[in-house]
Amino acid sequence: MRARRRTVALTTSLVLALGAGPLAVPAVASPAPAASAQTSPPPAASTPAEPRPDGLDARALRAAVAGLPDADATAALVRVGGTAGTWRGSAGVHDLASGRPADPHARFRAGSVTKVVTAAAVLKLAARGEIDLNRPVQHYLPGLLGGDFRPVAVRQLLNHTSGIPAGDGLGDTFAELYAHRFDTLTPQAVVASAAAKGPEFRPGRKQHYLNINYTILGLLIEKVTGRPYASAATALVLAPAEMRDTYFPGTDPRIAGPHNRGYQVVRKADGSTGFVDVTEWNQADRFAAGDMISTTADLERLLTSLFGGRIVPRPQLREMFTLPARVEGATYSAGLQRFEYGGRVYWLKTGGRYGYNAIVAGTRDLSRTLVHSVNATDAKGEGMNPVAERIALAALM
């Protein structure tokens, strides 16, 4: 019973921490048979065969990704590391039409994990004296926000206490967004729509996680460096972390290089459900908040390099492990989220774009790390994807 209670408690905590009508749509595919799903466990020498209190449970990890594709995901790529050992696994299919095994080295949309890179870039510029975290963003970007806004410190953008409301998108429902998936909405237009609404609350009083904070930070990086965000973030973070398979596609809707297809489950006109291929999608409006394409190996390099102090100098790195003071219920720091379970504190970031869910998570001392990409069939749905939840339970318990 004790183990069952711990599992329920962790599941509930993860959903709270990480959770994120009839529709007629074209190009509906059918799922391939589950028999085509395959797992790729790590070499026996590097992975314990049986669970131990402080080790990795390889059997639970294999079970977590078994049976793909299913109704919740078509593929999963997992990397678990730390002092107890490592585990690498992949499951599912490259695409539903062919049923070929998923590529374990595939690129995918990392979604809001992009915020980790953006935060690291800002903090690195702060270490160089080019950005003052206490200075209002209006000092660097005059005219960006209207006169109704009080001064918003750069630090308040980093930890989501700015009070700036969400910007407008290209629709509210999947059907609307899908219809506009090849259209371009600029970051400047997103910020303008947010500014037009006026402040949501006084800066520093509350914490509200929103993309708009990091969209503005992307514009700040461009202003300070004189370079496009993608170029500056690559030079400041990706290159030092040796993330050679990571890039920012901008207005290009494709995923360059090897990748597994992404799908969204939908209800068809006849009431049945099917899967729409959502792999190609212009994500320009996500910008510095969620436009990045990466691999599990690269995100693991980001995690270990960043936490190890090799990207951001340690005085500024503390911002990533510090919650805003005097803000009730705050869980977000600069680019990360704090999650505690079983006496361990994890610092993590999740990301979700249609067809793809991702996570980077680790203890501050890197004694346990988790990176995964799950080709979720409802990546923007409420709560945590069941496959991602199983992986987290197996990796973090």
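Visitor: How many helices and strands does the secondary structure of the protein come to?
Guide: The model is predicted, so local features need pLDDT of at least 70, side-chain atom pairs count only at pLDDT 80 or more, and totals for chains, interfaces and linings use all residues. Residues are numbered from 1 along each chain as its sequence is written, and side-chain values use heavy atoms, with hydrogens and water left out. Helices (H or I, at least four residues) and strands (E, at least two) are DSSP runs, numbered from the N terminus. On that basis the protein has 13 helices and 11 strands.

Visitor: What percentage of the residues of the protein count as buried?
Guide: Buried means under 20% relative accessible area, exposed means over 50%, and partly exposed lies in between (1.4 Å probe, protein chains only). Of the 397 residues of the protein, the share that counts as buried is 55%.

Visitor: Which residues does V80 touch, not counting residues up to four places away in sequence?
Guide: V80 belongs to strand β2, residues 73-82. Its relative accessible area is 0%, so V80 is buried. Contact means heavy atoms within 4.5 Å. With residues up to four places away in sequence not counted, V80 touches L56, L61, G85, T86, W87, R88, R368, T369, L370 and A395.

Visitor: What separation is found between the C-alpha atoms of V80 and E300?
Guide: Along the chain, V80 and E300 are 220 residues apart.

Visitor: Is helix α3 largely enclosed by the rest of the structure or largely open?
Guide: Helix α3 spans residues 114-127 and has 14 residues. Of these 14 residues, 13 are buried, so α3 is largely enclosed by the rest of the structure.

Visitor: Which residue with a positive phi follows α3?
Guide: Helix α3 reaches 20 Å from its first C-alpha to its last, close to the 20 Å expected at 1.5 Å a residue. The expected span is 1.5 Å times one less than the number of residues. After α3 comes a residue whose phi is positive, near 85°, namely G129.

Visitor: Which residue is joined to P69 by a cis peptide bond?
Guide: Most residues other than glycine have a negative phi, and most peptide bonds are trans. P69 lies in the loop between α2 (58-65) and β2. The peptide bond here is cis, with omega about 5°, and the residue joined to P69 is L68.

Visitor: What is the phi of E242, which is not a glycine?
Guide: E242 is in the loop between α9 (229-238) and β5 (263-267). Its relative accessibility is 42%, so E242 counts as partly exposed. The phi of E242 is positive, about 60°.

Visitor: Which residues does D298 touch, not counting residues up to four places away in sequence?
Guide: D298 is placed in helix α11. With a relative accessible area of 0%, D298 is buried. Leaving out residues up to four places away in sequence, D298 touches E242, M243, R244, D245 and T246.

Visitor: How far apart are the C-alpha atoms of V152 and V137?
Guide: V152 is placed in the loop between α4 (137-140) and α5 (154-158). V152 is buried because its relative accessible area is 0%. V137 is one of the residues that V152 touches. The two are 15 residues apart along the chain, and their C-alpha atoms are separated by 5.9 Å.
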